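Please view the sequence and structure below before reading on.

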Amino acid sequence: MMDWEQGVIVCRAARQVVEAGVLTGESSFVPGRRTWTVDAADELFRRFVENFDESSDEFLVKLKRQIAEGSDEAIVLAAELLYLNVMPLSPATIGVNRKFEILGSVLSWASFEAKVPDDLAAAASPGYMKGGQAFLNYRWAQFAFLIRLTQLLVKLPLHERESALRDPWRFRDLAESVLTDYDGKSRARAQFHVLLFLLSPDVFAPVSVERNKQLIRDAFADRLAEPTGDLDRDIHAIRQQIEAEHGGRFSFYDEPWRSRWEPPPPPRSQKGWLVRGANVDGVNAIPQWLADGFCSVSFSEIEQLPAGASRQQVKDAVAAALPDAKQGKRDVTAGQLWRFLSGFQPGDLIATVDGDAVYVGTITSDAYFDDSAGRGLARRRSVEWHPTAMSRQTLPEEAQAKLKTAMTIGELTSVIAALATSAGLEEKLTDEVLAQDETRGLIVPALTQAFGDDLLMPLSWLQETADLLSAKRQMILYGPPGTGKTYLATKLGEALAGPDRTKLVQFHPSYGYEDFIEGFRPRLGENGTVGFDLVPGPFKNAVEAAEKEPDRPYVLVIDEINRANLAKVFGELYFLLEYRNHEITLQYSPDEPFKLPKNVFVIGTMNTIDRSVALIDAAMRRRFVFRALVPHRLPVDGLLRRWLEREGLSVLPALLLEEVNRRLNDPDRAVGPSYLMTPNVATHRGLELIWAAEILPLLEDQLYGKVDDIEAEYGLPVLLAALGHTLP
């Protein structure tokens, strides 16, 4: 939506700056000084456009490095071009003070005192356009575009400059000719569209997003007598038609026009909720809820808030009402109240618990305030309750666990289908909710003989491994290097869950909770401030994906799981690994209950070369089933020989490996077959290279301080001689 009067003021100021500069060369900021010159524009081009700064510093910091040592004319020209960039932006995008901080900083680099004239400052103060984060992120590209355009304009003969400013279409063509950035992309298209409107508001619409222009033209194409295929010309004709019909100015962002072209937001999926009412300020409110057809939350100390209140509105109200409460309590309270006011939607299903009795209903209204029964029951939503209660003991285990949450409000979407079905409300359920029903049985496919044949491993052993994983949900494959632990873990995950539902993460000594589950990451704002975003890690991403398909397995493979500090990385997940149906709160998300779905499988891999299995604490060992991959036992025993035979290669590499492991005589230090499962072993040179670059360095590391001369005991010629073989 645009304030048309303010838009006219901004356009008049922009036209004043550009006309004075392009036609006379004089600055609008420093009267009498020529800054819109070929020399100043070329200097800015060299300093800013050609000297592109790829660092992550804030725009203004980089700009100072690039132009602060330049001429006064170039600096003032830069300030005037930045004025054209920031002046249209409303305070919702960039604050008034910040606009003049930017312009004042640039002008301060000149050798004399300069400032934005009062009339131009007044025009820029309120702005008219919400530019969005993309407009801020690409300020460098927008500034470079304005420099290129200025450079083009000031080099034209005077009569062509006059023509360009008289003819909006000629100006548009000139501007479009310099849109391309250094790498062939056009990141300044929003600035391009804004500038067209600023200089010719009677011709160009105040629309900065090209996609929106396309939508507008298509939505009102019926008003075009002869479509030209030119977006701006077609929209100009449409505007003239509508203005003639309705007698004056209008905005495509106002109704009834906006709803004709703007795509509707995607429909929100149905959700399920738990609202506790058995103890509202010491009173059981549920009988009144059932009798009068509503549900409510108390938070009686917090001021009245409207339905649909934003998170920030709720946070501010909670902070004002609970000034002495700890931040964690305020966050939880704000999250609960926001859900009731804005998270619930008509059509959502709701449940409440009164002892063993569970009641289910459908929300039928937005939030409203009715304190006729007291403040404790004043925040309400109308509910069509099913009159018959069900016993929680008859519900699926997953649903019973969800109903145990201590929160006043909890989300039940993943089990609400089971509750509604038990209450006879199947017709209220949408397909989306049915698809998220985690009480459905988990579909874990049986492994096929083809899978076993492909891996050259016994199907019986592989199926037993899959069965153990399905029963325990967490498994560790352990063994010496080269036994195919990571390969098997990934292949097993893909067989059970599919490639798209199998993810791998690598642990290392610096890996932590914030990397694996969730943590705050710094974000540099446009004004130089540093903010923090809560970013999910691979584990939380896997959980969120798994919740969308509760009947399909999701597998997270953790390679070298023992290399990280497991207690530090897993944190409170230790509990969930054993008690899948329980909910906890994560340390960075105290207002969002978190659980580990039954369809998330975890497969860790662990090397035994450093005896690390013995170092895993008892709590972790209890939560995982361990499966060994060692060269002297199935499925690894004979694997290399089977692979060589399938590939039609000599079995000599298998004999060499068996001899190495016989001499080592230590299952934990044995050499696995994967080092030799490569076509390179078919040649003399290939085998020599594998032995020199992979086998011997591994043995040197394992036998450090125990064997003086590795070559003398494990060198390839020594082993070949012992086997009575020679390489061709």
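Which residue in S16 is the bridge partner of tyrosine 554?

## Basis of the report

The model is predicted: local features need pLDDT of at least 70 and side-chain atom pairs count only at pLDDT 80 or more, whereas totals for chains, interfaces and linings use all residues. Residues are numbered from 1 along each chain as its sequence is written, and side-chain values use heavy atoms, with hydrogens and water left out.

## Strand S16 and its partners

The bridge partner of tyrosine 554 in S16 is valine 600. Strands are DSSP runs of E with at least two residues, and helices are runs of H or I with at least four, numbered from the N terminus. Strands pair if DSSP finds at least two bridges between them.

Strand S13 (residues 554-559) runs parallel to S16, joined to it by 5 bridges. Strand S9 (residues 474-479) also pairs with S16 in the parallel sense, over 6 bridges, and glycine 479 stands opposite asparagine 607 in S16. Of the 8 residues of S16 (residues 600-607), 7 are buried; buried means under 20% relative accessible area, exposed over 50%, and partly exposed in between (1.4 Å probe, protein chains only).

## Arginine 473

Arginine 473 lies in the loop between helix H22 (459-472) and S9. Arginine 473 is buried but has no salt bridge, a term for a side-chain nitrogen of Lys or Arg within 4 Å of a carboxyl oxygen of Asp or Glu. The side chain of arginine 473 reaches the backbone oxygen of lysine 598 at 2.5 Å.

Definitions and conventions: Lys and Arg count as positive and Asp and Glu as negative; His and the chain ends are not counted. A polar contact is a pair of N or O atoms within 3.5 Å; within protein, one must be able to donate a hydrogen and the other to accept it, and residues adjacent in sequence count only if both atoms are side-chain atoms.
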